Amino acid sequence: VGLDAMFDVRLIPNPYWIARLAPLNGADQEVIDYIMSFDITKELLSKIVDYLEYYIPEMQKLGRASYTVGIACSGGQHRSTFVANYLRDYFKDRYNVEAYHRDSPELNK
């Protein structure tokens with residue numbers, strides 16, 4: 001799958017280093033609460049959303065039928081999973097959005 005944009009979310013503190021959170025993933029509420037407790041998370045999400053809110057409509061004007069966004073962290077279990085789900089939920093009322101979790105395939109329902 002080719003990507004149109006890639007966002008590195010390693011600025012968000014990694015739940016992997018918290019023993020009780022390590023076995024969980026970015027869809028678990030404990031991980032979500034931990035990740036969202038940091039101002040850097042809120043700031044990064046805001047900047048990614050702002051970019052996509054500008055860029056996706058511009059791409060549609062050019063006739064692009066789809067736009068694929070990649071979210072990267074170091075393990076693919078916590079931060080990228082959370083951000084992909086966050087963006088899916090944020091944009092789902094405006095676009096046909098899917099979140100595919102390459103490194104956590106059990107979350108692909």
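Me: Is Glu 58 buried, partly exposed or exposed?

Reply: This is a predicted model, and the values are computed from it. Buried would need a relative accessible area under 20% and exposed one over 50%. Glu 58 has 30%, so the class is partly exposed.

Me: Which residue forms a salt bridge with Glu 58?

Reply: The closest N and O atoms of the pair are 3.0 Å apart. The partner is Lys 61.

Me: How many residues apart in sequence are the parts tied together by Arg 20 and Glu 30?

Reply: The side chains of Arg 20 and Glu 30 form a salt bridge at 3.7 Å, N to O. Arg 20 is in the loop between β1 (5-8) and α1, while Glu 30 is in helix α1, so the pair ties together parts that are separated by 10 residues.

Me: Where do the buried residues of helix α1 lie, seen down its axis?

Reply: In helix α1 (residues 29-36), the buried residues are Val 31, Ile 32, Tyr 34 and Ile 35. Their directions fall within an arc of 165 degrees, so they line one face of the helix.

Me: Which helices do the buried residues of α1 pack against?

Reply: Contact here means heavy atoms within 4.5 Å. By that cut-off, the buried residues of α1 pack against α2 (39-61) and α3 (79-91).

Notes: Residues are numbered from 1 along each chain as its sequence is written. This is a predicted model: local features need pLDDT of at least 70, side-chain atom pairs count only at pLDDT 80 or more; totals for chains, interfaces and linings use all residues. Side-chain values use heavy atoms; hydrogens and water are left out. Buried means under 20% relative accessible area, exposed over 50%, partly exposed in between (1.4 Å probe, protein chains only). Helices (H or I, at least four residues) and strands (E, at least two) are DSSP runs, numbered from the N terminus. The arc is that of the directions from the helix axis to the C-beta atoms. A salt bridge is a side-chain nitrogen of Lys or Arg within 4 Å of a carboxyl oxygen of Asp or Glu.
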